[in-house]
Amino acid sequence: SNYQSYEPLTESAAVTLALRLGLFEEKSVLSCTEIGDGNLNLVFRITDQSNNGLIIKQALPYAKVIGESWPLTLDRARIESSAMLKQAETAGEYVPKIYYSDETLAITAMEDLSHLQIARAGLIEGKDFPLLGRHIGEFLGKTLFYSSDFALNPQTKKQLVKQFSNPELCKITEDFVFTDPFFDVESNSFEDELRPAAEAIWNDTKLKLEVAKLKHKFLTEAETLVHGDLHTGSIFADDETTKVIDPEFAYYGPTGFDYGHFTANLLMNAISREEAKQQVLLDHIETAWTVFAGEFSKAWEKDGLEVYTGIDGYLSFILEKTFEDAVGFAGVEIIRRTIGLAHVADLDLIEPHDRKIEAKIRALELGKKLVKHRSSIKTPAQIADYFKQVP
Ligand code: ADP
Ligand code: MG
Ligand code: MG
Ligand code: MG
């Protein structure tokens with residue numbers, strides 16, 4: 001690193017840094033605004049007099065959630081920038097360009113994507129983003145195949161497992177996604193009207209057994225370098241372009257994790273929509289899977305290690321396993337976003353209140369079904385059937 005010690009940047013320090021790094025021409029007149037959500041990271045947007053932009057994201061040494069604050073490793077900035085660079089090796093069109101990163105300052109300087117919209121915000125406004133499913137499918141097919149044991153020699157892969165060891169961020173997922181929502185603990189957060197539904201979940205021993213199996217997969221199945229936080233707030237999009245940001249939770253985990261989270265977040269948006277506008281989201285879920293499986297299969301044929309690709313039936317086995325896991329992870333994500341610590345605006349903004357409560361009860365029913373029935377749900381069309389059937 002070029003820096004002796006960490007300190008949080010101010011807007012003016014971010015400008016000075018951008019100039020010192022040569023990220024703008026010397027005589028540029030720059031302005032800077034901090035545009036992050038303020039829970040874990042600072043995000044500075046710096047622009048020059050011609051409105052050329054640059055983003056500097058900086059990790060903070062703590063996380064803030066509902067007034068509480070706990071220490072959180074700055075190492076996640078290294079994970080984030082190296083994950084983006086790794087993704088860019090095979091799927092460069094779907095990630096922002098990285099201009100600079102520094103581990104001591106815990107910063108990444110990257111392409112300004114402000115001309116695009118955060119997919120969650122657009123979906124809540126009723127936008128469709130016609131290429132969203134196709135692009136996410138391609139991003140996942142390429143990134144997940146090429147960092148797996150099917151593409152890499154086992155020594156190289158194990159080096160990457162080490163490089164992307166991310167215990168503190170994984171612990172956040174282990175606790176707040178896979179554990180707390182399934183027990184009556186302080187961190188959970190939901191409307192009083194949801195208490196009976198939450199208690200039903202806490203008492204559902206069959207559900208909790210399946211969630212324990214999924215949690216163990218998250219902890220142990222170091223299959224490939226997953227994004228780790230692929231909700232619709234981690235995707236910038238417009239009608240032509242899709243870019244995936246914020247891989248600070250990246251680690252070696254189950255191949256189905258990201259598609260599961262993407263699917264869950266589209267399903268929660270679909271629940272918030274009138275019926276006539278839901279199908280487009282179910283179509284994205286289907287397209288993303290079809291394109292993912294197509295890309296993964298193409299890469300398998302072209303670049304897969306013979307020890308696997310030479311075995312009849314193995315590719316189908318892997319794709320089926322990945323889909324089943326993804327359906328389970330989708331169910332867990334829906335449940336935790338409804339009664340756990342971190343909610344999604346798609347559900348929270350539903351009005352009036354009664355309709356919001358109904359939607360959340362429906363979300364919980366859908367989440368439970370996906371977790372429990374995942375071994376018999378073989379296609380995105382069957383996910384759509386469950387979506388349509390839940391009361
Ligand atoms: P966090 O990890 O704190 O969630 P994100 O990487 O998701 O941080 O960024 C938070 C917000 O900052 C995004 O929702 C977006 O509004 C803005 N942002 C992040 N990266 C960029 C970028 N490359 N271009 C434009 N805006 C960005
Ligand atoms: Mg955020
Ligand atoms: Mg983040
Ligand atoms: Mg984010």
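Q: Where is Asp-246 placed?
A: Asp-246 lies in the loop between β11 (242-244) and β12 (251-253). Strands here are DSSP runs of E with at least two residues, helices are runs of H or I with at least four residues, and both are numbered from the N terminus. The model is a predicted one, in which local features need pLDDT of at least 70 and side-chain atom pairs count only at pLDDT 80 or more, while totals for chains, interfaces and linings use all residues. Residues are numbered from 1 along each chain as its sequence is written, and chains are lettered from A and ligands numbered from 1 in the order in which they are written.

Q: Why does Asp-246 count as buried?
A: A residue is buried if 20 or more other C-beta atoms lie within 10 Å of its own, exposed if 12 or fewer, and partly exposed in between, with C-beta atoms placed from the backbone. Asp-246 has 22 C-beta neighbours inside 10 Å and therefore counts as buried.

Q: What is stated about the phi of Asp-246?
A: Its phi is positive, about 60°, although Asp-246 is not a glycine. Phe-129, in the loop between α3 (119-124) and α4 (132-146), is likewise a residue other than glycine with a positive phi, near 45°. Phe-129 is buried because 24 other C-beta atoms lie within 10 Å.

Q: Which residues is Asp-246 in contact with, leaving aside its neighbours within four places in sequence?
A: They are Asp-229 and Ser-234. Contact requires that the C-beta atoms of two residues, placed from the backbone, lie within 7 Å.

Q: What makes Pro-247 buried?
A: Pro-247, also in the loop between β11 and β12, has 28 other C-beta atoms within 10 Å and is therefore buried. Not counting residues up to four places away in sequence, Pro-247 touches Glu-80, Ala-83, Met-84, His-227, Gly-228 and Asp-229. The UniProt annotation "binding site", from an unreviewed entry, covers residues including Asp-246, Pro-247 and Glu-248; such annotations may be inferred rather than shown by experiment.

Q: How is the protein divided into domains?
A: It comprises domain 1 (11-111) and domain 2 (117-389), with bounds that come from an automatic or database domain assignment. Their centres, taken over C-alpha atoms, are separated by 26 Å. In the contact between them, 16 residues of domain 1 meet 21 residues of domain 2. Helix α2 (residues 75-91) gives the most to the side of domain 1 that touches domain 2, with 10 residues.

Q: What describes the packing of α4 and α10?
A: Two packed helices are described by the angle between their axes and the distance between the axes. For α4 and helix α10 (residues 279-303), the angle is about 35° and the axes are 7 Å apart. Axes are lines fitted to C-alpha atoms, for helices over the stretch in contact, and angles run from 0 to 180 degrees between N-to-C directions.

Q: Why is Leu-366 called buried?
A: Leu-366, in helix α14, counts as buried because it has 26 C-beta neighbours inside 10 Å. Not counting residues up to four places away in sequence, Leu-366 touches Leu-267, Ile-334, Tyr-386, Phe-387 and Val-390.
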